[in-house]
Amino acid sequence: MSEIEAIKGDKIDVVVVGAGNAALCAAISAAENGARVVMLEVAPIESRGGNSHFTGGAFRFAFNGVEDILKIYPDIAEEELENIDFGTYTEDQYFDDMFNLTQYRTDADLVETLVKGSFETAQWMHKQGVKMMPGLGRQAYKVDGKFRFWGGLALHISGGGPEMLAALYAKADSYGIKILYETPAVELIHGDDGVTGVRARHEGKMHNISAGAVILACGSYESNAEMRARYLGPGWDLAKVRGTRYNNGQGLQMALDIGARPYGHFSGAHAVAWDTNAPPYGDLTIGDQFQKHNYPYGLVVNANGERFLDEGLDFHSHTYAKYGGEILKQPGMFAWQIFDQKTIHLLRSEYRIRRVTKAVGDTLEELSTKLDGVDSDGFLKTMREFNAACRTDIPFDPNVKDGRCTEGLVINKSNWANPFDSPPFEAFAVTTGVTFTFGGVKISHDAQIEDTSGNTIRGLYACGEMVGGLFYHNYASGTGLMSGAVFGRKAGTAAARAVLSN
Ligand SMILES: Cc1cc2nc3c(=O)[nH]c(=O)nc-3n(C[C@H](O)[C@H](O)[C@H](O)COP(=O)(O)OP(=O)(O)OC[C@H]3O[C@@H](n4cnc5c(N)ncnc54)[C@H](O)[C@@H]3O)c2cc1C
């Protein structure tokens, strides 16, 4: 008997569609609550894990001080503790970030669940075997002998997505949760009793899999060029995809087909500066290393050699997810990030990988001849004007918004404005890399999907990228994994309880 026939013979309480972070959190939570769980994953086992596999592991949770950090990262050495100022990231700060970044559009109920559940969920992840470590050099620089965190993202998942998933797969396995690979869910089985299972393809054949509840945790539509063009607009079909090739909006489509309510910023996406020569989809051997997030300490020019955004508007964690989309609007859809030796040491390891598109010049004139596709004269004019406009009387400090700005430019730089006078100059070519799309389905407090009339659809839940209404226009780094974990746990728990109480 084939694997799927054997599974169909068992009574399944909860089917989880997908096998990334949100799906695993949902599946484990359902199993913790006594449900028999099966997971369906479209990818082969070697490509499993969706976007979650590609993450560097930034993980945003609220905490009130180092005592909270120690609950999640108890192994910290005394010496390390003395040299790090974690500060705080209170629930209020988290709320402020979510509201400010989304221009006050984020759904207040969803964001409350996210923020208030974040610390407890970080503890739960730790309990599942997911290890954390401080994000030094990413979210804190050493100034006067001490690392100071600036934006609340104190801990990252140690080993990023791959290690996080390894821990969660092991936990799922310990509960006896079966994962069927190369088995896309294609349709929901739906009738008067709500959703009672899914139709899935396995080894070329269609199968009906009955279950008490279905949790859709199968990503958004970022990997689908046609849907990107349809929802995000012209040009987005040409963007590179940072992560998995398997998030093609199938979950969204299945839910909409039975009357789920589309919700959130359908024409919005998380997109970043990504190496121009990166492959069309993510490469698991490189992970997130094509990203180039350190532009706040440099300058960004387009094909005309002109700046088109305020590189120093805020810390990268508050601008990187929207600035990727600005590159898409530039001629040729590319840009170059420029640095000199004063800030090169601040650049993250992503700038030092072998597969990087880079140019170096001992003078700005020499560099200008090496920036593929860029108008030299325009570039040199921009650099001259920029250098003359820097307020060098204000001290540079990468750990705070230092107010070292430019004055008198068409687009000023608000912070960290250093004149380019320390050769050699280094430049990195970037294009738009789409991470995930913001539109999704409307869910209730329990992660149950609502229909277009506002009623919950019996037996149907969603979590992770499938959830609409959290992100609009922008995003705070480290929220994707946290949202997947918070709503994954909600969905798993609620689905198990609903099924087992029947
Ligand atoms: C390069 C990169 C770096 C990132 N870094 C961070 C970070 O540091 N911190 C952070 O918080 N977020 C980060 N993110 C965002 C984060 O990865 C996502 O928000 C999060 O992982 C989404 O989790 P998910 O479970 O919803 O989706 P995924 O992890 O993408 O899982 C969806 C799964 O569903 C499967 N699937 C799709 N369709 C079907 C179908 N029809 N049937 C069955 N299975 C299906 C897919 O194959 C996939 O395995 C990053 C993303 C990328 C791409």
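**A walk around the model**

Start by selecting Ala447, which counts as buried, with 30 C-beta neighbours inside 10 Å (buried means 20 or more other C-beta atoms within 10 Å of its own, exposed 12 or fewer, partly exposed in between, with C-beta atoms placed from the backbone). This is a predicted model, in which local features need pLDDT of at least 70, side-chain atom pairs count only at pLDDT 80 or more, and totals for chains, interfaces and linings use all residues. Residues are numbered from 1 along each chain as its sequence is written.

Ala447 sits in the loop between β20 (440-441) and β21 (448-450) (helices, H or I of at least four residues, and strands, E of at least two, are DSSP runs numbered from the N terminus). Its phi is positive, near 70°, and it isn't a glycine. Most residues other than glycine have a negative phi, and most peptide bonds are trans.

Now jump to Met333, another non-glycine with a positive phi, about 55°. You'll find Met333 in the loop between α10 (316-328) and β17 (335-339). Met333 is partly exposed, with 18 other C-beta atoms within 10 Å.

Next, select Pro423 and Pro424: the peptide bond between them is cis, with omega near -5°. Pro424 lies in the loop between α12 (376-389) and β19.

Last stop, the ligand. It is surrounded by 43 residues, the closest being Gly20, Gly50, Gly243, Gly464 and Gly480 (a residue is near if its C-beta atom, placed from the backbone, lies within 6 Å). Colour α2 (21-32), α9 (250-257), β19 (425-437) and α13 (479-500), the elements that give two or more residues to this shell. The largest share, four residues, comes from α13.
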